[in-house]
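Thank you all for coming.

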Amino acid sequence: MNEIKIADASLENPSGVKYSNVQPVWHLIVLTVITTGFYQMVWVYRTWKQLNKHNNWDVSYVYRTVFTCIPFIGFIIMVNLFNRIKKLLKQHDINIKMFPILMMIGFYIFNALFRLPHLYYLIGYLSIAPLAYAQHALNLYWTKVQPEHKVIESFTNRQWVLMIIGSLCWILIILELFS
C-alpha cells in the first residue's frame, strides 16, 4: 500500500534530450573576457559540480569555489582539481598532458597581473590559458563518457545574463579610462 513511486526522469527534462557537459573552449574565453574575469570562478564552481555529480565524489564544490580565492588554500584546491582531471583522463585512456602545479601557478600569477596599472592589467587575461587547456581536456573526457549526449553549442540564458552584466562592467571601465 505504501509504495514508493519512482519519479519519471523525463519530468526533469521534458524534451528527453540529455545534454553533455562539454563546453566549447571559445565560450570559456569569451565569457571570461566579457565578465572581466569573473567567469573563471563560475567555471571552477561548474567544473567541481559536474565532476562531483558525475563521479559520485563527496566534495563540497561551493566551499572549494569560495576558498579558491584565498591564497595558499586556493593553490591546493586548484592543484587538486587539475590532478583529478588528470586522473580521469588517464582512467579513460585519454592521452593529453596535464601539469597541475604549473597550471595552478600560471593561473594565479596571471590573475595577480590584473592589479597592474593602466592597460597593463589586460595581461591578466592570460590567466584563462590554464583553464582553457583544462576545459579542452575535460571536453575530451565528456565526449568519451557522454557520447550520446547533445553538446550545447550556443550560450545558455544564464551565460547571456552574465555577459550583459559583464558588458555593463566594461562600459564603466571604458568610461573611467576617458574621465
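Of the 179 residues in this chain, 36% are buried. Please keep in mind throughout that what you see is a predicted model.

Let me begin with the overall build. The chain has seven helices and zero strands, so that its pattern, read along the sequence, is simply α-α-α-α-α-α-α. Taken along the principal axes, the C-alpha atoms fill a box of roughly 70 × 35 × 30 Å. If we take the contacts between residues at least 6 apart in sequence, 70% of them join residues at least 24 apart. The accessible surface comes to about 11,700 Å², and 66% of that surface belongs to carbon and sulfur atoms. As for charge, there are 15 positive and 8 negative side chains, and the centres of these two sets lie 9 Å apart.

Next, how far can the model be read? The mean pLDDT of the chain is 88, and 91% of the residues reach 70 or more. Where pLDDT is low, the predicted coordinates should not be read in detail.

Is N21 buried or exposed? With a relative accessible area of 17%, N21 counts as buried, because the cut-off for burial is under 20%. Which residues does N21 contact, once its neighbours within four places in sequence are left aside? They are Q50, W142 and Q146.

Q50, for its part, lies in helix α2 and is also buried, at a relative accessible area of 16%. Not counting residues up to four places away in sequence, Q50 touches N21 and W142, and W142 is likewise among the contacts of N21.

V22 lies in the segment before α1 as well, and at 12% relative accessibility V22 counts as buried. Beyond four places in sequence, V22 touches N139, W142, T143 and V151, which brings W142 up once again. By way of contrast, V22 and Q40 are 18 residues apart in sequence, and their C-alpha atoms are 16 Å apart in space.

After α1 comes T36, found in the loop between α1 and α2. T36 has a positive phi of about 50° although it is not a glycine. Most residues other than glycine have a negative phi, and that is the reason I point this residue out. T36 is partly exposed, with a relative accessible area of 27%.

A second residue of this kind is F72, whose phi is near 70°, again a positive value in a residue other than glycine. F72 lies in the loop between α3 and α4, and at 62% relative accessibility F72 counts as exposed.

In the loop between α3 (61-67) and α4 (73-91) you will also find C69, which counts as exposed at 54% relative accessibility, because exposed means over 50%. C69 and Y108 are 39 residues apart along the chain, while their C-alpha atoms are separated by 9.6 Å.

Finally, V62 is placed in helix α3 and is partly exposed, with a relative accessible area of 44%. V62 and R84 are 22 residues apart in sequence, and from C-alpha to C-alpha they are 17 Å apart in space.

Methods: Residues numbered from 1 in each chain as written. Predicted model: local features only at pLDDT ≥ 70, side-chain atom pairs only at ≥ 80, totals over all residues. Heavy atoms only, no water. Buried < 20%, exposed > 50% of the residue type's maximum accessible area, 1.4 Å probe, protein only. Contact = heavy atoms within 4.5 Å. Helix = DSSP H or I, 4+ residues; strand = E, 2+ residues; numbered from the N terminus. Areas by Shrake-Rupley, 256 points an atom, 1.4 Å probe, with all protein chains shown as cover. Lys, Arg positive; Asp, Glu negative; His and termini not counted. Charge placed at Lys NZ, Arg CZ, Asp CG, Glu CD. pLDDT = per-residue confidence, 0-100.
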